Amino acid sequence: MSEDIQNGSGEDFPIHIRGLTNAFGDFVVHEDLDLDVRRGEILGVVGGSGTGKSVLMRSIIGLQMPRSGEVEVFGHNITEAEPDEEIGVRNRWGVLFQGGALFSTLTVAENVQVPLKQFYPELDQQLLDEIARYKVLLTGLPEEAASKYPSELSGGMKKRAGLARALALDPELLFLDEPTAGLDPIGGAKFDELTRELTDTLGLTVFLITHDLDTLYAICDRVAVLADKKVIAVGTIPELLENDHPWIQEYFNGPRARAATATHERGKALDKQGSEKA
Ligand SMILES: Nc1ncnc2c1ncn2[C@@H]1O[C@H](COP(=O)(O)OP(=O)(O)O)[C@@H](O)[C@H]1O
Ligand SMILES: [Mg+2]
């Protein structure tokens, strides 16, 4: 354990996990897993399909009861939280689940209002409408999108609507599970930009599950790698490139990684040219 973490509080490290074991019957997904997420960072979480990225997220937000171990969010023990204590933390995070999962029979505005009504049943409809409108605009959707049903939206718009709902309670901590999956590269890049912008302007901490290398290069401060039932490494991409674990080498040094690096370097060069001209 680093000194940082020993001295740090639940506010410096919004997520603190020690010795986490998750299993379904005999099938062990995580074993003795440790992870700390720093306040204000976008932490990318990667790993092969089925390595337990979504299960890890679910155990952090209390939807998956671990077999053993300690999960703290803002210093509150999630696995042993008192009912009211748990609610005190639950409204400090927002979640965009894998696949987006908007309620198809509700409009975008009504979707955004679901968590608001759950946590603040006393809010009147006018205020609910105003908050929903604000969240819709915050995620870059046009105002008209608020009254549309999910089936009337493009894939990218649905993701933004899901993000608007995740931001409904003004969370400090945001969980995004494969947010750019299924989007074309341009749509994905725009969603990434939005995530970075909102993280910086709203002061969020983001737990971002992705397999999108472009996302990792473009917006993640650090990356955590899930393999062998654990988080085998956490660091910046240059730090991870030094790691000789075979999965990390294949992932970050394979042909797709080289293409993502090239795109990233080209983008930086163009930015530089642009700012020199300006
Ligand atoms: N509710 C469940 N019951 C049994 N097995 C599950 C359940 N949820 C997930 N799993 C299994 O746990 C493993 C990790 O799943 P998941 O976290 O969804 O993987 P991914 O890294 O792709 O998000 C998979 O093998 C999956 O089949
Ligand atoms: Mg998953």
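1. This is a predicted model, and the points below should be read with that in mind. Helix 4, residues 108-119, packs against helix 5, residues 125-138, at an angle of about 110 degrees, and their axes lie 9 Å apart. Because angles of 65 to 115 degrees count as roughly perpendicular, helix 4 and helix 5 are described as roughly perpendicular to each other, and their crossing is right-handed.

2. Which residues bring helix 4 and helix 5 together? From helix 4 come Val108, Ala109, Val112, Gln113 and Leu116, and these meet Leu128, Asp129, Ile131, Ala132, Arg133, Lys135 and Val136 of helix 5.

3. On the helix 4 side the contact is made by Val108, Asn111, Val112, Val114 and Pro115, and on the helix 6 side by Ala161, Ala164 and Arg165. The residues of this contact of helix 4 with helix 6 divide into six nonpolar, one polar and one charged. Val108 and Val112 of helix 4 are listed both in the contact with helix 5 and in the contact with helix 6.

4. Turning to the sheet, four strands form an open arrangement in the order 2-1-4-5, with antiparallel pairing. Strand 2 (27-37) and strand 5 (76-77) are the edge strands, each pairing on one side only. Strand 1, residues 15-24, runs antiparallel to strand 2 and is joined to strand 2 by seven bridges; leucine 20, for example, has leucine 33 in strand 2 as its bridge partner. Helix 2, residues 53-60, packs on the sheet, where it touches strand 1, strand 2 and strand 4 (68-73), and the direction of helix 2 makes about 120 degrees with that of strand 1.

5. What surrounds ligand 1? The shell consists of Phe24, Val29, Gly47, Ser49, Gly50, Thr51, Gly52, Lys53, Ser54 and Val55, and these residues divide into three nonpolar, six polar and one charged. Helix 2, the helix that packs on the sheet, supplies the largest share of the shell around ligand 1, namely three residues.

Terms used. Residues numbered from 1 in each chain as written. Chains lettered and ligands numbered in written order. Predicted model: local features only at pLDDT ≥ 70, side-chain atom pairs only at ≥ 80, totals over all residues. Axes fitted to C-alpha atoms, helices over the stretch in contact; angles between N-to-C directions. Helix = DSSP H or I, 4+ residues; strand = E, 2+ residues; numbered from the N terminus. Parallel < 35°, antiparallel > 145°, perpendicular 65-115°, else oblique. Left-handed = near helix turned anticlockwise from the far one by under 90°. Contact = placed C-beta atoms within 7 Å. Pairing = 2+ DSSP bridges. Near = placed C-beta within 6 Å. Nonpolar A, V, L, I, M, F, W, Y, C, P; charged D, E, K, R; others polar.
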